[in-house]
Amino acid sequence: MTTLPMIPISPDGTIGGAGSRRAAMPPRHLADLDLAGRQALVAELGEPGFRAKQISTHYFGRLVRDPAQMTDLPAATRERLADALLPRLLTPVREMSCDDGATRKALWRLHDGSLVESVLMGYQDRVTVCISSQAGCGMACPFCATGQAGLTRNLSTAEILDQAVYLAGVAASGAVAGSPARLSHVVFMGMGEPLANYARVVAAVRRLCAPAPEGLGLSQRHITVSTVGLVPAMRRLAEEDLSVTLALSLHAPDDELRDELVPVNQRWKVAEVLDAAWAYASRTGRRVSIEYAMIRDVNDQPWRADLLGRLLAGRLAHVNLIPLNPTPGSRWDASPKPVEREFVRRLRAAGVSTTVRDTRGQEIDGACGQLAATEVER
């Protein structure tokens with residue numbers, strides 16, 4: 001098997017290292033600050049502190065991102081506050097939909113020209129948004145379109161949150177027929193490795209769960225943070241006093257194959273990664289989601305199902321099998337359905353809770369592993 005180049009990772013589990021180029025971050029936005037920070041900034045502008053609550057209520061409570069619609073603010077005040085607290089972070093490039101409008105993908109251009117994507121998925125009982133934490137991804141997983149594009153930069157806390165606020169507004173407009181008109185779930189499974197942008201992702205999680213007007217008021221138990229297995233960051237997350245779901249992108253139960261499929265495994269092996277996952281489950285009481293892309297003749301052999309079953313048996317874990325989604329130029333394909341069913345049968349026989357993920361958004365390259373943020377429609 002081909003051994004891919006190691007990814008430069010600093011001791012705390014973040015991407016880059018001493019030689020990394022520092023990308024220009026966007027201007028400060030109210031979503032970068034807690035309510036007290038917004039009040040302090042408003043006071044610096046010579047405005048009364050309650051203006052911070054007003055503008056925050058518009059943004060997080062009413063999902064209004066356009067200052068022109070904040071008509072309870074005096075026009076002159078509105079302009080000054082907007083300049084200081086509501087700079088434009090995401091410029092829409094294209095929106096696509098499928099599944100009769102229940103799945104919607106948004107492509108955004110950031111202030112520096114970087115492109116990111118986010119996806120809304122409407123179901124009968126919930127609305128979920130999948131948001132990006134980085135422009136591109138430095139993890140280099142060869143079956144993932146995002147990983148093959150490489151890393152451009154981390155997103156700011158506000159750039160992360162602005163995706164959720166925009167798509168929450170789409171849901172609130174009633175545009176997703178047959179689904180509730182309120183965002184309920186957020187998954188950090190878009191572009192990027194969330195734990196490689198640790199501080200901003202954790203800040204975004206706290207803002208997502210803070211009640212309005214400080215945040216969106218979502219339940220922590222409805223937030224999922226994914227990782228390919230940055231062990232120091234996983235252990236740090238366990239100490240954050242959060243009850244979000246941790247999703248571990250495992251994709252292989254043995255080090256030989258995982259070294260190729262998930263190159264960071266060359267730094268932290270399967271046993272270390274799973275130990276960190278079990279530490280998170282023990283500390284939080286939350287079941288870890290084990291993500292496993294089913295790749296034909298690569299990781300779908302019965303013996304690998306049995307090995308995975310032995311590794312997970314008796315643990316607070318659930319396996320989420322993902323039929324591999326097609327990406328341009330990929331040499332791999334999804335496992336045949338009979339092979340997939342046998343994999344599921346063996347895991348369940350080992351006592352491991354297992355489901356197969358719904359492959360929503362394939363037609364618009366919005367499914368797992370397909371986000372590539374290109375302006376050219378494929």
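Guide: Two rings of Phe, Tyr or Trp count as an aromatic pair if their centres lie within 6.5 Å, with the six-membered ring used for Trp. In this predicted model, that gives three aromatic pairs.

Visitor: What makes the pair of Trp108 and Tyr166 edge-to-face?

Guide: Start with the distance: the centres are 4.8 Å apart, and the limit is 6.5 Å, so this is a pair. The planes then stand at 85°, and anything over 60 degrees counts as edge-to-face, so the label follows.

Visitor: Where in the chain do Trp108 and Tyr166 come from?

Guide: From distant parts: Trp108 is in strand β2 (residues 103-109) and Tyr166 in helix α5 (residues 157-172), 58 residues apart. Both Trp108 and Tyr166 are buried.

Visitor: How do you know that the charged end of Arg126 sits over the ring of Tyr123?

Guide: The charged end of Arg126 is 4.0 Å from the centre of the Tyr123 ring. The distance cut-off is 6 Å, so that part holds, and the charge must also be within 35 degrees of the ring normal. Arg126 is listed as sitting over Tyr123.

Visitor: Let's turn to charges. What makes Glu291 and Arg357 a salt bridge?

Guide: Their closest N and O atoms are 2.3 Å apart. The rule asks for a Lys or Arg side-chain nitrogen within 4 Å of an Asp or Glu carboxyl oxygen, so they qualify. The pair links strand β10 (residues 288-294), which holds Glu291, with the segment after β12 (353-356), which holds Arg357, 66 residues apart.

Visitor: Are Glu291 and Arg357 buried or partly exposed?

Guide: One of each. Glu291 has 3% relative accessibility, and buried means under 20%, so Glu291 is buried. Arg357 comes in at 22%, which lies between the 20% and 50% limits, so Arg357 is partly exposed.

Visitor: Why does the pair of Asp333 and Arg296 count as a salt bridge?

Guide: The N to O distance is 4.0 Å, and the rule is within 4 Å, so the pair is counted. Asp333 is in the loop between β11 (317-323) and α11 (337-349), while Arg296 is in the loop between β10 and α10 (302-312), 37 residues apart. Asp333 has a relative accessible area of 44%, so it is partly exposed. Arg296, at 36%, is partly exposed too.

Visitor: Which residues does UniProt list under "binding site"?

Guide: The unreviewed UniProt entry lists Cys137, Cys141 and Cys144. Such annotations may be inferred rather than shown by experiment.

Visitor: Why are Cys141 and Cys144 called buried?

Guide: Cys141 has a relative accessible area of 8% and Cys144 has 18%. The cut-off is under 20%, so both values pass. Cys141 lies in the loop between β5 (134-136) and α4 (145-149), and Cys144 is in the loop between β5 and α4. Beyond its sequence neighbours within four places, Cys141 is in contact with residues including Val228, Leu261 and Pro263.

Visitor: What makes Arg207 buried?

Guide: Its relative accessibility is 9%, so it counts as buried. Arg207 is part of helix α6, and among the residues it touches, leaving out those up to four places away in sequence, are Ala31, Phe60, Thr157 and Glu214.

Visitor: Which elements do the buried residues of α2 pack against?

Guide: They pack against α1 (35-44), α3 (75-85), α5 and α6 (198-209). The buried residues of helix α2 (residues 50-61) include Ile55, His58, Tyr59 and Phe60. Just after α2, Leu63 takes a positive phi of about 60°.

Note on methods:
Residues numbered from 1 in each chain as written. Predicted model: local features only at pLDDT ≥ 70, side-chain atom pairs only at ≥ 80, totals over all residues. Heavy atoms only, no water. Helix = DSSP H or I, 4+ residues; strand = E, 2+ residues; numbered from the N terminus. Buried < 20%, exposed > 50% of the residue type's maximum accessible area, 1.4 Å probe, protein only. Phe/Tyr/Trp six-rings, centres within 6.5 Å; stacked < 30°, edge-to-face > 60°. Contact = heavy atoms within 4.5 Å.
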